[in-house]
Amino acid sequence: MHTQVLALYLHGKWCSVEDATKTTSKSRAGLVMVESAMERVILFLLAHVLEKLPAIDRLFSPHPRTEQGKLLWRDGQAVGFYTFKQKGSLCGSWTAQSYLLPVLDTTLVRRGWRGRGFGLQMLSEFFSLFPREEVVGISSPLSPSMVAVCKKFLQQHEEQRERLYEVMEAPGGWEQRRNIWMNIQLGRYSHCTDNVKSFKELSSGK
């Protein structure tokens, strides 16, 4: 069955999906932590309706309260987001295991806003949240655009090359992760193509 979301009923009136992602608040500029129910709805609309990321199992699966994320606001509208797992947070409701490092989970920049360096901005901002962590991770698999962003970031920040790891599976123990810079140098991402999809879709950051 094909399902299409045309409008939402918010605050006592109907509005288009595009209008639901806009704001008149001047405080919403740059990367802002997702905190309210409405912000979780906006994140969902970006991921599942406007951009339609793959691996969607249910029609309305809102951004969970147990997962943290930031919306990227530009010119009064939400143009992207990233979500992440905190170190120590549960790997899932079905396990008692907890993440051993912070993990960047999903990142998206809307198509009309790509190529402006926002992917690089979000990765840099994610790093800045955990200055005292020995290592930080990005969930696997890495899309070609994610590899490009990581390469550019690590070229600019040599001091971070030993800290950034691809997390193959939770909870992210040493045997479950691999150093991204080393694997870039070894050419292990050279076979990435635009057909390789993951639950993250980054701007190229070029």
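Let's start with Arg177, which lies over the face of Tyr165, 5.6 Å from the ring centre. The charged end of Arg177 also sits over the ring of Trp174, at 3.7 Å from its centre. For a charge to sit over a ring, NZ of Lys or CZ of Arg has to be within 6 Å of the ring centre and within 35 degrees of the ring normal.

A word on the basis: this is a predicted model, where local features need pLDDT of at least 70, side-chain atom pairs count only at pLDDT 80 or more, and totals for chains, interfaces and linings use all residues. Residues are numbered from 1 along each chain as its sequence is written, and side-chain values use heavy atoms, with hydrogens and water left out.

Now, ring against ring. The structure holds eight aromatic pairs; rings of Phe, Tyr and Trp (its six-membered ring) pair if their centres lie within 6.5 Å, with planes under 30 degrees apart counting as stacked, over 60 as edge-to-face and the rest as tilted. Take Tyr82 and Phe126: their centres are 6.2 Å apart and their planes at 80 degrees, so this pair is edge-to-face.

What does that pair tie together? Tyr82 lies in strand β5 (residues 77-85) and Phe126 in helix α3 (residues 118-128), so the pair joins parts 44 residues apart in sequence. Helices (H or I, at least four residues) and strands (E, at least two) are DSSP runs, numbered from the N terminus.

Phe126 also pairs edge-to-face with Phe130, at 5.4 Å centre to centre and 70 degrees between the planes. And ring pairs link Tyr82, Phe84, Phe126 and Phe130 into a cluster. Thanks, everyone!
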